[in-house]
Each structure stands twice: as C-alpha cells, then as structure tokens.
There are 2 protein chains.
Amino acid sequence: MIFRQLFDSISGTYSYLLASRRGGEALIIDPVLEKVDRYLQLVKELDLKLVKAVDTHIHADHVTGLGALRDRTHCITVMGEQARVDVVSMRVVEGDKLTIEGVALDVLYTPGHTDDSYSFLMQDRVFTGDTLLIRGTGRTDFQNGSARAQYQSLFGKLLKLPDETLVYPAHDYKGDTVSTIGEEKAFNPRLQVKSVDEYVDLMSKLNLPNPKMMDVAVPANMRQGLPQDEIARRGWALTATQAMAQIGDPNVALIDLREHSERERHGVIPGSLNAPYPDLAMNIRPGGVLYELACSTGKRLVFYCAFGERSAMAVQAAQDAGLTTACHIHGGMDAWRKAHGPLVH
Amino acid sequence: MIFRQLFDSISGTYSYLLASRRGGEALIIDPVLEKVDRYLQLVKELDLKLVKAVDTHIHADHVTGLGALRDRTHCITVMGEQARVDVVSMRVVEGDKLTIEGVALDVLYTPGHTDDSYSFLMQDRVFTGDTLLIRGTGRTDFQNGSARAQYQSLFGKLLKLPDETLVYPAHDYKGDTVSTIGEEKAFNPRLQVKSVDEYVDLMSKLNLPNPKMMDVAVPANMRQGLPQDEIARRGWALTATQAMAQIGDPNVALIDLREHSERERHGVIPGSLNAPYPDLAMNIRPGGVLYELACSTGKRLVFYCAFGERSAMAVQAAQDAGLTTACHIHGGMDAWRKAHGPLVH
C-alpha cells in the first residue's frame, strides 16, 4: 500500500495520494492546483498511473488541481452528485465504491460544510474533507452549508465508525496530521453537544470572516470541465440526437467507457459495449480489443461516458492511435438522458 | 501502536509522538518549545505517560521542547553522547536501544549535519533528523557539520536500510510528510553522486544563509539542564566525594535510577540497588519497594543517575512522598567519575 499525505502550507490543505502498489493505479484526494507539479513528480517517481482525482467538495480556500491533473494525465475527475461544478468525469453518491486497482473507498455523503461534501472510507481510515477536522468541524455558513445537516453527517455517520478509525481531514492549521474517531468523539470541542439544536446554535455563533481566496477559488472550482468544443470542431462528436440514429447501425460500435456502478445506476445505451476508461490505452493500441474491432470490422467507434469528458479524451487518444473515424457523444449520458434517448437497465 | 507526526509550521519541523498503546508510556522525538502545550494536551487525551523526550541533534532553527517537557512531566531528556548541551538526563551512542514500554528504537550515530546527529530506527521506519530529508539532506556548514561524515552516515548507514523503510525527517518545507529509503536513493538529488568527494563538493557550493533563529536557538538549546542548585540548597544533595564516604554505610541505600544499557556501559557504584527512573512514582509511594525499604529499615535513600537530572527529580518526588531523608548525588555518575569514585562493571 502506498499512502502519502501531502500538505499545501498556503491553504493548510492535506491531499492524499493512494495506490495499492508501485507500478499500479493511483488516486488523489483534494489536490491543490499549485502543488500539481509535485504530485506528478511523485506519481512518476513511484511509477504510478494516476487514474482518478477526487474532490471531497467544492473548496472555497484553494483552487482545485482536478482540471490540471486531468489535462496532464487524462485521469478521471470525480465529485459528488450535488457538486455545482460544470463538468467532472464521474459523479458519485452515497453507497458507491470509488475504486482503482487494489483500492476501494466507500463513498459517504456527509453534507453540512457544503451541500456537496463527501467523505471516503478505506478500511482503517476515513478521509473526511471539511466535515470533520481534527478538534474542529468545517464551517457551515456558506455554499449551502447547514449545521443541521452536518450534525447528522457527524453523529449519524462519521462518529458511528469504529473508534480506532483514523481521521484524515482536508485541512489542519495547527500542525496535526491525523486523529481517530474515538479521539474526536471525546475531545473535539464542537462535538461535545447534547442535541442538534445545541450544535446549530454553536455553529451560528462562530462569526468567521470569509476565506481569503473564496472569490477566486469558488468560481474557478466550479469551472473544471474539459472543453469539448475542439473535439466537436474537428468533426469527432455526435450530438445525442445524432447518436440516437446510430443505434443498430452495423457500421457503428457504441463504446461505454463508464464503470459498472454508473451503468447499474443510470442504464446503458442499447447495443453498446463496455470498455472502462482506465483500460483505454491498452484497448486502443494495436493488439488491443477496440483497435482490432475497429480495424477488422471497419466499424466506427462511438465512445460515450457520463458527461462526455472521458469520451472526449478517448476520442483524442483513438485518433492519435490512427483510428480516424472514432468519435464520441458530446455531453455523454447526461445529454443522452436530456434528449430522451432510449436506455436499457 | 500510536504514531503521531506533528508539524510546527513556523520552523517546518516534524515531531513524532510514539507509544505502544493507549494508557502506556510515550516518547517524543524533536519537540518544539512553542508546541509543548499541544503535545501535552495530546498526551493527556491519549492517556499516555510521557517518559522520554529526544532530540536528534542540537537544532539551529527552533528552540527544543526538551526542557519544558521535562519540567512539566518529569520525563527523561535524551540526546547523543556528542551533543554540546549542558545537561540531558540520558546520553545514547550508536548501537544503544532507546526504549519505552513496547517500543525499542535502534540508535544510529549519523553525524554530518552536525557532529551530534543521530537517527532512530523503529522496524519499518527511521527518524532521520536533519541527516536525510525528503529529496534533500541537512546542510553541513555549521555546528561542526561535515559533508564527508554525512556521506558516510547516508551511504554507509541510512541508505543500507531496506528500500521500503519509511523515512520520517525532522523537517520538510515543501509539503511532503514521508518518503522511503528506496525513493531517496533513486530521486534525492543530493544522493546522485558517485563519490564522497563529489558529495563534499556539492555541499560546499550550497551557500545557504544562516537559519533566522540560529543565534537564539543554538544557545538556548545548549542550556537545557535542570538546575540542581535548589535541591542542593535544601540539603538534599551530596557531592560525589561526600557520597563516596557513604559506600558500605548500613544506614544508606544507594539507588541507581539508570537503565540497564547505561549501567553496562559506565559501571555502577558498589553496593547500589537498581530501580529505573520510569518506575519511580510506583516505587516511592506507600506500598512501593523504595518507600517500604526506607520506612522499614530507616535507611536514607541516596539516588543517582547519569548526570544528576533524574535523581534531582527523584529526590523532589521522594520528599513529596514523605521520605524526608532522601537525597541524591549532585551531577550523577558524570561527577562520580570525575571524582574517581569506585565502579563495578
């Protein structure tokens, strides 16, 4: 197991790089834009392949590294269903598993600091974002925060984890690096309340100034999507409506790049094949299944995913591999649903 | 196992709190004076008993928390044999074990950054002080530093540890928290040298300004000893010469507070009993062996240790427990040796 806690001293942010082995897939939680070079250097040195970059919520105190990491590594960006970000590659909800090779995090929806706040549980440790801090909790006075919701996230979910569970938050400002659920239950001053009303009252009296970076960070963090227009301009995109006409066309292979959990929850386009995005590079090189499918049958590969981001990256990679007819569904399943495209569950 | 990495953002110092269990003994490495309140709060919350505070070397960039921790917890302060500090409770050398309940660190003498630099190895991890940093090494241009010695400490000792050994340094300024020996061998730019001469040349060209705190920190860190004068003023101290006259006196019980390794290396005063300092509180309360010895025989307890620091704290504790004849040997075995007191090996 590779586990690295990385600190951004400007914003007091902790980011976490996880991988099951050297040479394997990696995932990063809450990356900071200014530290992206360091993360990528470390990823390279540890011989890792960054496949997912995850934000626990839309941060107000630093600009996320999600977009830059996606642009530089073609990794999948991940946030919760509720995040008011333009586009991320993949959205998760309570009960999902966030997986890479050898690592599976349980997805916990823990709103309160913001309404898009998630925590991620990995066996003996939980990444709590700004929901539970060491001897503190995230403020609840902006970005649709709710002390009432946070109380439920804390007392109803996080504090019900085993006492020995390690707590890795998104921030610390006092020099702590880790705590445990048992410690926080006993010594976190915000958690020594007898009722939700007492907690709401406590949080309403904090009177904190807004984060210095807020007016820069929040708008920047809400615009993370990969521009898909360039792909369209090159003629490599179909609208959802155009794609609907291709269903059943023997000259077309619809390729679903999503993961099993996304397919289960949202359904699939009839007749499409599943080839998850993390395996794309392997699949589209000579000898790979998609490359051979395209070359031996002459079929046009039409990629799709949740929001068009993975598929846009896939089109570029396929074109680079010489599959010159490859294209994708602009806007992905999100656009497909809005166009009332047929689905199979 | 309890393992806490704690950060002082002012000096970029990492301190480490170790214990084998809740409720057990704890040890802290490289504590920072300004963070002592936080350490002690954590020690209390985790129900630990701080028994040792260790500095890897005399720091030039922050004032050590050793003295304050000793004064507030009566813990044992520990440094290497070479440290030009007035008094610490205990000195260690290469090959020693630094132990608390359930934890044993191998003591490695790793000079170079300073001539008193030590590293401490605990199974899967090594605390490297300023000898080996993450993608760096400690400067060697003051405090009797030597790039040549550091090269030997690095290439001859630390880099010979297994590649997967975790590296926990005393500082980081870029947001890293941990590395491994294998990573540092491969990617630490200072370690990509072909010879000791190349390393010496590299280190000689760094041209670093002195640490901001140096003129304050170094003198402060060299004066850490517990003042023993107050104990003497109260009539609770014997000089080494006075103590020599007590050998064989049936009314006196000489109590050696040192650990086994210290007794082995430096010898013991003839006829003395061994009752290690960490057990003192238990031994001098009613029902404890020293309390019962003093009360049932009327013998005067004469404590001694390496430098008089543990014994001075023991005298105070014994007096507080009602053992009003208790005293100690001022300056400990160090004074005893200088006075040519007899020793048994």
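Biologist: Let's start with the charges. How many salt bridges does the structure hold over all chains?
Modeller: There are 56 of them over all chains. Please keep in mind that this is a predicted model.

Biologist: Fine. Which residue does A:Arg310 meet in a salt bridge?
Modeller: Its partner is A:Glu262, with 2.6 Å from N to O. The two come from distant parts of the chain: A:Arg310 sits in helix 12 (residues 309–320) of chain A and A:Glu262 in helix 9 (residues 260–266) of chain A, 48 residues apart.

Biologist: And are A:Arg310 and A:Glu262 buried or exposed?
Modeller: Both A:Arg310 and A:Glu262 are buried.

Biologist: Over in chain B, what does B:Arg265 pair with?
Modeller: The side chain of B:Arg265 meets that of B:Asp96 in a salt bridge, 3.0 Å from N to O. B:Asp96 is in the loop between strand 6 (90–92) and strand 7 (97–100) of chain B, while B:Arg265 is in helix 9 (residues 260–266) of chain B, so this pair ties together parts 169 residues apart in sequence.

Biologist: Are those two buried or exposed?
Modeller: They fall into separate classes. B:Asp96 has a relative accessible area of 11%, so it counts as buried. B:Arg265 has 28%, so it counts as partly exposed.

Biologist: Which residue forms a salt bridge with B:Arg148?
Modeller: That would be B:Asp197, and the closest N and O atoms are 3.1 Å apart. Here too the pair links distant parts of the chain: B:Asp197 belongs to helix 5 (residues 196–204) of chain B and B:Arg148 to helix 3 (residues 147–156) of chain B, 49 residues apart. B:Asp197 is partly exposed, at a relative accessible area of 46%, and B:Arg148 is also partly exposed, at 42%.

Biologist: Which residues do salt bridges with shared partners join into one network?
Modeller: The network takes in A:Arg4, A:Arg38 and A:Glu45 from chain A, together with B:Arg135, B:Asp176, B:Glu183 and B:Glu184 from chain B.

Biologist: Good, that brings us to the interface. How many salt bridges are found across it?
Modeller: The rule finds 6 between chain A and chain B. One of the salt bridges is between B:Asp176 and A:Arg38, with the closest N and O atoms 2.7 Å apart. There are also 14 residue pairs in polar contact across the interface.

Biologist: Which elements of chain A supply at least two residues to the side that touches chain B?
Modeller: Strand 1 (2–8), helix 1 (36–45), strand 14 (179–180) and helix 4 (181–187) of chain A each do. Strand 1 of chain A gives the most, with 5 residues. By class, that side of chain A has 8 nonpolar, 5 polar and 9 charged residues.

Biologist: What area is buried between the chains?
Modeller: About 1,800 Å² is buried between chain A and chain B, and carbon and sulfur atoms give 41% of that. The contact uses 22 residues from chain A and 21 residues from chain B.

Biologist: Changing topic: where does A:Asp256 lie?
Modeller: A:Asp256 is in strand 16 (residues 252–256) of chain A. With a relative accessible area of 0%, A:Asp256 is buried. Its side chain makes a polar contact with the side chain of A:Arg263, at 2.8 Å. Beyond its close sequence neighbours, A:Asp256 touches several residues, including A:Val268, A:Leu273, A:Pro276 and A:Tyr304.

Biologist: Last one: where is A:Thr131 found?
Modeller: A:Thr131 is in the loop between strand 10 (125–129) and strand 11 (132–133) of chain A. A:Thr131 is buried, at a relative accessible area of 1%. A polar atom of the A:Thr131 side chain lies 3.2 Å from the backbone oxygen of A:Thr110. Among the other residues in contact with A:Thr131 are A:Ser117, A:Gln150 and A:Leu158.

Methods
Residues numbered from 1 in each chain as written. Chains lettered and ligands numbered in written order. Predicted model: local features only at pLDDT ≥ 70, side-chain atom pairs only at ≥ 80, totals over all residues. Heavy atoms only, no water. Contact = heavy atoms within 4.5 Å. Buried area = accessible area lost by both parts, 1.4 Å probe. Salt bridge = Lys/Arg side-chain N within 4 Å of Asp/Glu carboxyl O. Polar contact = N/O pair within 3.5 Å; in protein donor to acceptor, adjacent residues only side chain to side chain. Helix = DSSP H or I, 4+ residues; strand = E, 2+ residues; numbered from the N terminus. Nonpolar A, V, L, I, M, F, W, Y, C, P; charged D, E, K, R; others polar. Buried < 20%, exposed > 50% of the residue type's maximum accessible area, 1.4 Å probe, protein only. Lists of a residue's contacts leave out its neighbours within four places in sequence.
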